[in-house]
Amino acid sequence: MEKLIQMIDIRKEYKMGDETVYANDGITLDIDKGEFVAIVGKSGSGKSTLMNIIGALDVPTSGTYLLGGKNVGKLSDNQLADIRNKMIGFVFQQYNLLPRMSIMENVELPLLYAHVSARERERRAMEALEKVGLSEKAKQMPKQLSGGQQQRVSIARALAANPSLILADEPTGALDSKTSRQVLDFFKKIHEDGNTVIMITHDNSIAVEAKRVIRIADGKINFDGSSEDYAAII
Amino acid sequence: MLQSFKLAIKSIIANKMRSFLTMLGLIIGVSAVVILVSVMMGYLNNMVKSFMEMGANTITVSLVNMPARHASVDQMYDFFNENRDVFSEMTPQVNVSGTVKVGTTKSTTTTVSGVSEYYGKLKNYKLEKGRFLSYSDMISRQKVVVIGYYVALKLFGSPKEAMGQIIKINGSAFTVVGVVERQDKKQLSARGNDDFAFMPYSTAGQLNGTSVPDNYIFATVNTKISDKAVKLLNEFLKTIYTQKDTFFVQSMSQMLSEINVQMALMSTIIGAIAGISLLVAGVGVMNIMLVSVTERTREIGIRKALGARRGVILQQFVIEALVTSTIGGSIGIVLGCIVSPTIGNIMGMSSPANFNAVIISFSVSVAIGLIFGYMPAMRAASLNPIDALRSE
């Protein structure tokens, strides 16, 4: 399998007053194209820091992070923005749709920043909305949609730019169990379509829905294996 | 770019009240600049115009005459005749104080003066009825008088009826030989431009008991040589009046240029005062933009996470500030353009919106949008996406 993510001894330090906190303390992992991975950990474990680094929102203090062969650790702000734009599709816990824009415009946003032409933007946004079954809501505003629908819109937005990686941060955290299930089914479907999906969660019952589980504690990986193996130890 | 404009307009519409309050400062500032400068310029132009009507090519000579040293009318005439290449007209001006009376009707406000036969031409007067004074009137000290439209109307009812009538000035009887066309088209009033009477200077001298006029008005053949004419007059008067401050020569063009300097200074000061309100408006724009950035931190975080580069965010906020200030500035200009002529009308003068004031205040308001919008925009652009996303 082709490697999408290669992390070698990633460390991230924060200065908290006089103390130095090691949020990530030597993380080494590989993720292949087409995998469905859950990164699980308690709050404060360092999983959010890891997500930020994977998502090119932050750079590690030391270590090497290759995303699709590119060394992300050495890039400038604008280059990171381009990486996020072209390679990563984010799905957030709070959906993070822009409230003053229509569903369609929200989904078009990453394409806008990629300088895709208006007509092409519309076509691709519509295609992404069709995938999540919300094409008939395109003209509506985020407020008019339920939480589950909004999260599906944000998945459509993540898919629109056709990124190499879908990165979901607690995607079901704000949803009830029934809608959570639907959203998880969407991720499974996306994965079956050939997308690489990484899901960050604190919830073991969500984590086991993935194919592979990586558990973080105290800034280190303390489990990395199939979800069946993970289910066995919890 | 186009997208940023659309976004800016959307954001302005979404926050109608806030946007309007931001613009209000600019609207007031810009319209204040336009109105103040326009009305000021209108007023000053009006003043200059009335000076011009008196004749831009005239030179006023004031003399302090002593029994021992003075210039006689003949000396002044000789000087005038020697320099006909420079001067086109000349008149002594003898002020006669007193009342103008016909029967029991009298007018105390009328300006009565003794002048030469050139006076009508010098003042650019046209006749309604009759004739101006003539050279022979001067020689023979005729008791004739030319009156203004207001005087004719007040004392005789009409210019036609005034002709050939007897008028009493300080007890002496004068015959009305001419009535000057109405000068002030707007109003006829006491002490106005039509409330005057003039007689031969020789007659006036007799009436006053002195034969030496204190004032002369010269007209040059054109406005360009007025400096040369002033010099000539000064040189001539120096030969008669040895003391420096016993004669005074001033050309209308000198006065006009002095007025123009004052005028420029005044409008600059007024413009600067009004400009301060524009600056305050700018601080308002910055304040609102900062609030807008803080309020939309999360939005900025989302946009950055989705791949918006720094420049894109910067552009979005700068354009928003720019659009806000441009709309505010435009409304201010429209308001200024409506209010300025209205104030002018009320004040009885013409004060159209001053083009320079419009251009300058508009540019300043756009510049304010740029400058004061830039700082908040920079702040938005340099937000860390992680922190921005975390904010509520």
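**Exercise 1. Work out how helices α5(A) and α6(A) pack in this predicted model.**

Step 1: find the helices. In chain A, α5 covers residues 147–160 and α6 covers residues 177–192.

Step 2: get the geometry. The two axes come within 9 Å and cross at roughly 15°. That makes α5(A) roughly parallel to α6(A), since angles under 35 degrees count as roughly parallel.

Step 3: α5(A) goes past α6(A) in a right-handed crossing.

Step 4: list who touches whom. From α5(A) come Gly147(A), Gly148(A), Gln151(A), Arg152(A), Ile155(A) and Leu159(A). Facing them in α6(A) are Thr179(A), Gln182(A), Val183(A), Phe186(A) and Ile190(A).

**Exercise 2. Trace the four-stranded sheet of chain A and say which strands stand at the edges.**

Step 1: write the order. This open sheet runs β2-β1-β4-β5 in chain A, and the pairing is antiparallel.

Step 2: check the ends. β2 (19–32) and β5 (70–71) of chain A each have a single partner strand, so one side of each is left without a neighbour in the sheet.

Step 3: zoom in on one pair. Strand β1(A), residues 3–16, is joined to β2(A) by 11 bridges, with the two running antiparallel.

**Exercise 3. Repeat the tracing for the six-stranded sheet of chain A.**

Step 1: the order is β6-β7-β8-β3-β9-β10 in another open sheet, with mixed pairing.

Step 2: β6 (88–91) and β10 (220–226) of chain A are the edge strands, each pairing on one side only.

Step 3: neighbouring strands here are turned by 15° against each other on average, ignoring direction.

Step 4: take the β6(A) end. Four bridges link β6(A) to β7(A), residues 165–169, and this pair runs parallel. Val91(A) has Ala168(A) in β7(A) as its bridge partner.

**Exercise 4. Describe the contact between chains A and B from the chain B side.**

Step 1: count. Chain B puts in 15 residues and chain A 18.

Step 2: α1 (2–14), α11 (297–305), α12 (310–346) and α14 (385–390) of chain B each give at least two residues. The largest share, four residues, comes from α11(B).

Step 3: The chain B side divides into eight nonpolar, two polar and five charged.

Step 4: check the confidence. The predictor gives the complex an ipTM of 0.92 and a pTM of 0.69. Chain B averages a pLDDT of 85, with 99% of its residues at 70 or above. Within chain B, α1(B) has the lowest confidence at a mean of 79, while strand β7(B), residues 144–147, has the highest at 93.

Notes
Residues numbered from 1 in each chain as written. Chains lettered and ligands numbered in written order. Predicted model: local features only at pLDDT ≥ 70, side-chain atom pairs only at ≥ 80, totals over all residues. Axes fitted to C-alpha atoms, helices over the stretch in contact; angles between N-to-C directions. Parallel < 35°, antiparallel > 145°, perpendicular 65-115°, else oblique. Left-handed = near helix turned anticlockwise from the far one by under 90°. Contact = placed C-beta atoms within 7 Å. Nonpolar A, V, L, I, M, F, W, Y, C, P; charged D, E, K, R; others polar. Pairing = 2+ DSSP bridges. pLDDT = per-residue confidence, 0-100.
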